[in-house]
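Subject: Structure handover and findings

Dear colleague,

Please find the structure below, followed by an account of what was found in it.

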Amino acid sequence: MSEKKQQHIVMLPFMAKGHLIPFLNLARFIEKLKPYCSISIATTPLNIQSLRSSVPSTSSIHFAPLPFSPTDHGLPPDTENSSSISHIDSLPLLMFASETLAPDFDKLLSDLTTLHRSPPLLIIADAFAGWSLPIARNRGIPYFAFTTSGGFGTAAFTSLWLHLPHRLTDSDTFHVPGFPDHFRLDRSQMSHYMSAADGSDDWSVFLRRQINLYLKSDALLCNTVEEIEPTGVHLLRRITGLHVLTVGIGREVGMEVDPCIEWLESHRPASVLYISFGSQNTIGASQMMALAEGLEASGLAFIWVVRPPLGFDMNGEFEADRWLPDGFEARMAEKRRGLVVRRWAPQIGILSHKATGGFMSHCGWNSVMESLSRGVPVIGWPVSSEQFYNSMMMVAEMRVGMEMARGAMGEVNAKKVERVVRMVMEGEKGNAMRNRAARCGEMIRSAMEEEGKKKGSSVRAIDEVFELAMRKSLEMN
Ligand code: UDP
């Protein structure tokens, strides 16, 4: 036991809310399963400030600061992560800036080695932080990449960035290298920066560098549960050739009291549609108007997290009189029909509430997992990145949702909004999706089962992470 007490591991998330949150969840899961292990999460001071409150002082999770001065990289002084960047086109600045953390990360490993009188047992680094692999190799520390997205999404993302197959054809649809022939993507399923990518642009340069490095990891941890997406996990193994361990879990609900949760209390079970496009995306101005009109016409209750539309400062003030139909908010507030929330809502609390019956989502992977873990079907409206493939898989493979629209520029009209939300919230098809989502929720809960024979797949994967790390460590040193 005294030997076990000395174990410590280091985690290195990419600086984006959608990455920090699953890293923290994974750290909590490891803490629960391996209480003798001390965990250091290395990130920038501003991110530490915002994460610290979610970890009690008695926890074995510690935060290790990596000094970061946003202005040195042409970023606004208050940039803490990609969610505080007002336009997606500025993201490459933060991506390249993240690579400059290398010397401080190396120093941190050295300090932690001195403090614990032994090097860390392993490093769990974001798949976007492949730059840290040479540092780990140099120090003889086992290195596992962690993808905060799911199996299918990560497999498609990896293959697409490595091969840029859309550049090899004029056709509207194309094959994803390494995928079975029937998985064809449409050009509408690409973010604008991937459409424009030619291998020499900032996005390609950064992402290809990280991908080629993470592919050399000792193993790949994936934020999914194998039982809910066996095809996706199989494809991820095939595309990366890595030993893939699925460590996905359902996120716990905080204890916060919030007006959204109080608002839900007065609604019938499964009657409220929750709408959010994640921590760093928004939709177009005309789409926003159509969505509001369609929601009003549907007569359904909703909570909608709004941000200024595409083309405006996403973190700026939301001007309801400019971007929503006249008097919309007041009409919706009457009789508690709809609640319009600015910027941020307690998502996991909302999804966990019995009144929530559907989630219109950009299909960021955390949102998908959070929704399915609560048995809530999804209306997909992917906007960026691997969200398009997440939405595709949810509709075609898991059959737990429908797609509403694609991208922040595509045509959306109020009639379609009304039809789709009613179908998912009230129709037979929606009920079937809800049942399948509930089944996914059961699988996610089973994956976290800790005891005996019923030990879940995510728990077994964490056991394997530690066994593998110890074996690697012996081989290396
Ligand atoms: N989130 C939240 N409230 C919001 C928007 C987002 O709590 O108003 C959380 C959400 O629960 C999820 C994360 O932020 O854990 C967003 O991650 P996701 O992968 O869904 O999307 P991203 O923001 O990375 O695009």
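Strand β9 (residues 244-246) is joined to β8 by three bridges, and the two run parallel. Helices (H or I, at least four residues) and strands (E, at least two) are DSSP runs, numbered from the N terminus, and two strands pair if DSSP finds at least two bridges between them. Please note that this is a predicted model, in which local features need pLDDT of at least 70 and side-chain atom pairs count only at pLDDT 80 or more, while totals for chains, interfaces and linings use all residues. Residues are numbered from 1 along each chain as its sequence is written.

Together with helix α10 (residues 230-240), β8 and β9 form a right-handed β-α-β unit (with the strands pointing away from the viewer, the path from the first strand over the helix to the second runs clockwise).

Is β8 (residues 219-222) covered on one side or on both faces? Both are covered: Ala 219 and Leu 221 are buried on one side, and Leu 220 and Cys 222 on the other. In a regular strand, side chains alternate between the two faces of the sheet. A residue is buried if 20 or more other C-beta atoms, placed from the backbone, lie within 10 Å of its own, exposed if 12 or fewer, and partly exposed in between. Lys 415, in helix α18 (residues 414-426), counts as exposed because it has 12 C-beta neighbours inside 10 Å.

The domain assignment, which is automatic or from a database, gives domain 1 (2-249 + 451-476) and domain 2 (259-444). Their C-alpha centres lie 27 Å apart. Across the interface, 29 residues of domain 1 are in contact with 27 residues of domain 2 (C-beta atoms, placed from the backbone, within 7 Å). On the domain 1 side, α2, α7 (151-163) and α10 each supply at least two residues.

Yours sincerely

Terms used
Contact = placed C-beta atoms within 7 Å.
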